[in-house]
Amino acid sequence: MYPGSFQYSAPSSLAEARGLLATLGPDAKVLAGGHSLIPMMKLRLAEPAHLIDLGRIPELSYVREAGGGLAIGAMTTYHQLETSPLVRDRYPALADAASQVADIQVRNKGTIGGSLAHADPGADLPSVMLALEATLTSTGPGGQRTSDADGFFQGPFTTGLEPDEILSEIGLPALPANTGGAYKKFANKASHFAIVGVTAIVTLAGNTCRRVRIGVTGAGANASRARAAEAALEGREATDDNVDRAAAQAGEGIDFLGDIHASEEFRAHLVQVFARRALQEAVARAR
Ligand SMILES: Cc1cc2nc3c(=O)[nH]c(=O)nc-3n(C[C@H](O)[C@H](O)[C@H](O)COP(=O)(O)OP(=O)(O)OC[C@H]3O[C@@H](n4cnc5c(N)ncnc54)[C@H](O)[C@@H]3O)c2cc1C
């Protein structure tokens, strides 16, 4: 299968890329790892007249310390995330999720920015961003703006990004001491996309769950926070019973997807199972 014809630009700076996107208008699209956009073009589900390749902009690829947390450039690949000592030590849930994306070919090319901007309902990283309360910085004709991950994922393949904006940086805030995190998913056996994926971030004070954040992906039209489950565990002892009770509420508020991979009922069941597993591991790591 061949895509339709298109013009190609490879800018060397973010400013140049932003200028091109503004000039070329809605017929242009930015190209990151290409592992979602190129297949869509081959299937003629996307037919951009112009591709602006971000792959030659070194300033968009980094993991560095910032304000006690981390700043991650949008063109940082899954492989860079899963092998980054900073990510593995401080945000193991993100390393977990990145290491479970597809196969090594996809992880070598696919980017955090592409994953978040594309917002596939079965993508792994959106749930991690929600549970870590990440910030997303984008740049466009109106300048630079930063928004919260919460509210960014608005529907299947729909985000808070404007068509003329480029996602440039993901900010991960510092986590309190005694925090553990984990990502668990029930994967599609062929693609590895999440049929259901759950991120849990738990902060302990003694054996009490002082702070709990849970992000769910794959289950509904877009990734979302499991606030009822978070509230059910916060302030309680980190016992198996309390974790089970909280996990049982992880699907609250989700309008479950049903498709050839899993029925609505099965996804509802999986959310509870994988929330329990993610919470158990997050608690163990917090200890
Ligand atoms: C075989 C296969 C298996 C896969 N399995 C999984 C899986 O298990 N889990 C998973 O999460 N994903 C999976 N994916 C998807 C993969 O992770 C993609 O890499 C990801 O969805 C998109 O990232 P990308 O860098 O390739 O973006 P691209 O494909 O280049 O772009 C995707 C979209 O985002 C836009 N975009 C990209 N970067 C930016 C930016 N910085 N600012 C604004 N817009 C931007 C593009 O214009 C395009 O519309 C799989 C893909 C394949 C081909």
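**Figure 1. Contacts of Leu94 in the predicted model.** Leaving aside neighbours within four places in sequence, Leu94 is in contact with Ile72, Leu81, Val87, Leu125, Val128, Met129 and Leu172. The model shown here and in the other views is predicted.

**Figure 2. The largest nonpolar core.** This core has 37 residues. Leu94, Leu116, Met129, Ile170 and Leu172 touch the most other members. At least two residues of the core come from each of β5 (69–73), α3 (78–83), α5 (92–99), α7 (112–118), α8 (125–131), β10 (166–172) and β12 (194–205). Domain 2 (58–172) and domain 3 (179–286) both give residues to the core, so it lies between them.

**Figure 3. Domain layout.** The domain assignment of the protein gives domain 1 (7–56), domain 2 (58–172) and domain 3 (179–286). Between the C-alpha centres of domain 1 and domain 3 the distance is 35 Å.

**Figure 4. The second largest pocket.** The volume of this pocket is about 240 Å³. Its lining has 14 residues. Nearest the centre of the pocket lie Asp120, Phe193, Asp259, His261 and Arg267. Sorted by class, the lining of the second largest pocket has six nonpolar, five polar and three charged residues. Where does the second largest pocket lie relative to domain 2 (58–172) and domain 3 (179–286)? Both domains give residues to the lining, so the pocket lies between them.

**Figure 5. The largest cavity.** The count comes to one cavity of 30 Å³ or more. About 30 Å³ of space lies in the largest cavity. The residues lining the largest cavity are Ala119, Asp120, Pro121, Pro126, Phe153, Gly155, Ala221, Asn222 and Ala223. By class, six are nonpolar, two polar and one charged. Domain 2 (58–172) and domain 3 (179–286) each supply at least three residues of this lining. Asp120 is one of the residues lining the cavity, and Asp120 is also among those nearest the centre of the second largest pocket.

Figure 6. Arg90 sits in helix α4 (residues 85–90). Is Arg90 buried, partly exposed or exposed? Its relative accessibility is 31%, so Arg90 counts as partly exposed. Leaving aside neighbours within four places in sequence, Arg90 is in contact with Glu65, Gly68, Gly69, Leu70 and Leu175. Arg90 and Gly122 are 32 residues apart in sequence. In space, they are 25 Å apart, C-alpha to C-alpha.

**Figure 7. Positive phi at Ala102.** Ala102 lies in the loop between α5 and α6 (104–109). Phi of Ala102 is near 40°, a positive value in a residue other than glycine. Most residues other than glycine have a negative phi. Is Ala102 buried or exposed? Ala102 counts as buried, because its relative accessibility is 17% and the cut-off for buried is under 20%.

**Figure 8. Positive phi at Glu133.** Glu133 is not a glycine, yet has a positive phi of about 55°. The loop between α8 and β6 (135–140) holds Glu133. With a relative accessible area of 29%, Glu133 is partly exposed.

Methods:
Residues numbered from 1 in each chain as written. Predicted model: local features only at pLDDT ≥ 70, side-chain atom pairs only at ≥ 80, totals over all residues. Heavy atoms only, no water. 1 Å grid on protein atoms, 1.4 Å probe; cavity = no way out; pocket = protein on both sides within 12 Å on 5 of 7 lines; lining within 4 Å. Points joined across faces, edges and corners; volume = space filled by probe spheres on them. Nonpolar A, V, L, I, M, F, W, Y, C, P; charged D, E, K, R; others polar. Domains from an automatic or database assignment. Core = buried A, V, L, I, M, F, W, Y, C linked by side-chain atoms within 4.5 Å. Buried < 20%, exposed > 50% of the residue type's maximum accessible area, 1.4 Å probe, protein only. Helix = DSSP H or I, 4+ residues; strand = E, 2+ residues; numbered from the N terminus. Contact = heavy atoms within 4.5 Å.
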